[in-house]
Amino acid sequence: MLDKDLASIQETRDLLRKASAAQKELAKMTQEKIDSICKVIAKAGFDHRQELAKQAVEETGFGKWQDKVIKNEFASKRVFEAIKDMKTVGILREDEEKRLTEIGVPIGVIAALVPSTNPTSTVIYKALIAIKAGNAIVFSPHPAAKKCIHRTVELIRSAIVEAGCPVDAISVQDTLTMAGTEELMKNNLTKLILATGGSAMVKAAYSSGRPAIGVGPGNGPAYIESSADIKTAVKNIIASKTFDNGTICSSEQSIITDSKIKNQVIAELKKENAYFLNHEESAKLAKLILRDNGTMNPQIVGKDANTIAKLTGLQVPSDTTVLIAPETKVGNTIPYSREKLGPILAFYTVDTWQEACRLCCEILTNEGAGHTMTIHSRNDNIIRAFALEKPVSRLLVNTLGTLGGIGATTNLFPALTLGCGAVGGSSTSDNISPLNLINIKRVVHGVRTMEDIRGTAGEEKVKTVDGDLSQEEIIDLLVNKVINKLNV
């Protein structure tokens, strides 16, 4: 009988060996050659964006295929536009004045963990940034999205071969077990882990002993401050939270608003077909959001509001966009204050922006530290105060959390892996780009001699010890002080 774990481990080792050989070929390529390969990867993803989107929804049951088309387009066309002129291999910069040269060096083989919520777009994006940096990449698919991930890799591999790239520069595990994934992360041929997925998987990546870039959970609050354009703010929040049924981790998880504009905000939300749960309905849905172990229930992930309502036994209008529950508390056992990758929002009311500031910190500290939040305001002083105090890597102003965080509606680097910084347990706070996947070698010339250093030190002592005394006089003075101490 075949041992599946052993088969998965052996397959992974074979993939890594082939990827390592392919990467050595990539490392010899010019920037122009690398860029031509990236171009065909982007084209393959873009040309098949609809097919891959439909397959992802059909296989996983998460999200809307129409929105996944947009994500595939973003991951291919938008990312390629951002990286096409980026220098990543060979000489990156020469500074003649400082006598310094910087050279891009590929990291090697990257292990890429792919989630089920954004499977095809994540593969396109990670393949692009890895190859742009001169690295090979081996994908580890989420089992619930294996077919669509394999199809995406298959299309990309066909494209790169025609562009003169070794086919094994991009590959994917087929026999999926935890033992195989562990082998991928811990094998010495793996030089970096690029982890996008659940908290447990990200923690495993960081504890593997290999360098890793991982992301934490998103749990971004959206604060509607009293000076905001309320209608636009609400429209943005609803559009963001319903995009692909809330499967992007930078999507809003709660609304916080000032008491003096509360009724206006509620009225606008209802115009956008948001459904406010009463106390009994809220309690019913709360039981569905979290599992007994305190983790998010996958039944709500990527489902529309009506589907979630039916699962809960609630009757809501057929055109309902999001389900909103009034809330006052924050904590691990308070489901509405946690991350909910579906069209569900908590609704908090505060009296002052300072109270909102404290509440946002409490929500983020409980879950989502280092990730993303949004503020809707026309008061620059309040925006600045939030920027200085909030434990997030991205504070989005007057835009959609989902599309703003990934760089679609903002000038952040377009990315589907969003670092959470040290506060969120991540190695970086960046939107991950090819520049996070290279090392930089620095060639520097000597510009000062030892005599220069000694001379400078002497001059500084002359000024700090005894004003205008000469260096010889300073030395005599110090010697006399030592002699006097010894005599004492």
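**Entry 1: a strand pair and its sheet**

I looked up strand β3 (residues 109-114) and found that it pairs with strand β6 (residues 190-195) in the parallel sense over 5 bridges. Two strands pair if DSSP finds at least two bridges between them. Helices (H or I, at least four residues) and strands (E, at least two) are DSSP runs, numbered from the N terminus. In this pair, Ala112 stands opposite Leu194 of β6.

This is a predicted model, in which I used local features only at pLDDT of at least 70 and side-chain atom pairs only at pLDDT 80 or more, while totals for chains, interfaces and linings use all residues. Residues are numbered from 1 along each chain as its sequence is written, and side-chain values use heavy atoms, with hydrogens and water left out.

Contact here means heavy atoms within 4.5 Å. Axes are lines fitted to C-alpha atoms, for helices over the stretch in contact, and angles run from 0 to 180 degrees between N-to-C directions.

**Entry 2: helix α7**

Which residues of helix α7 (residues 178-186) are buried? I noted Gly180, Thr181, Glu183, Leu184 and Met185. Buried means under 20% relative accessible area, exposed over 50%, and partly exposed in between (1.4 Å probe, protein chains only). What covers these buried residues of α7 includes α1 (4-26), β3, β4, β6 and α8 (199-206).

**Entry 3: the other sheet**

I found another open sheet, with 7 strands in the order β10-β11-β12-β9-β8-β13-β14 and parallel pairing. At its edges are β10 (275-276) and β14 (392-397), each pairing on one side only. Inside it I checked strand β8 (residues 220-224) against strand β9 (residues 252-258): they pair in the parallel sense over 5 bridges. Pro221 has Ser254 as its bridge partner in β9. Helix α9 (residues 230-242) packs on this sheet and touches β8, β9, β12 (344-350) and β13 (370-376). The direction of α9 makes about 165° with that of β9.

**Entry 4: nonpolar cores**

A nonpolar core is a set of buried Ala, Val, Leu, Ile, Met, Phe, Trp, Tyr and Cys residues joined through side-chain atoms within 4.5 Å. The largest one has 58 residues, of which Ile37, Ile41, Leu128, Phe139 and Ile170 touch the most other members. Helix α5 (residues 119-132) supplies the largest share of this core, 8 residues. Apart from this core lies another, of 39 residues, including Ile256, Ala309, Leu314 and Met373.

I went back to Ile37 and listed what it touches. Leaving out residues up to four places away in sequence, Ile37 touches Leu26, Met29, Ile131, Ile160, Ala163 and Cys165.

**Entry 5: cysteines**

How many disulfides does a search of the whole structure find? I got 0, a disulfide being a pair of cysteine sulfur atoms within 2.5 Å. For Cys148, the closest cysteine sulfur is in Cys249, 18 Å away, which is too far for a bond. Cys148 counts as buried, at 0% relative accessibility. Cys360 is also in no disulfide; the nearest cysteine sulfur, that of Cys357, is 6.9 Å away. Cys360 is buried as well, with a relative accessible area of 0%.

**Entry 6: two positive phi values**

Arg99 has phi near 55°, a positive value in a residue other than glycine. Arg99 lies in the loop between β1 (90-95) and β2 (100-106), and is partly exposed, with a relative accessible area of 39%.

Phi of Asn245, also not a glycine, is positive and near 55°. I placed Asn245 in the loop between α9 and β9. Buried or exposed? Asn245 is buried, at a relative accessible area of 5%.

**Entry 7: the whole chain**

I counted 17 helices and 15 strands in the chain. Of its 488 residues, 54% count as buried. The C-alpha trace spans about 95 × 60 × 45 Å along its principal axes.
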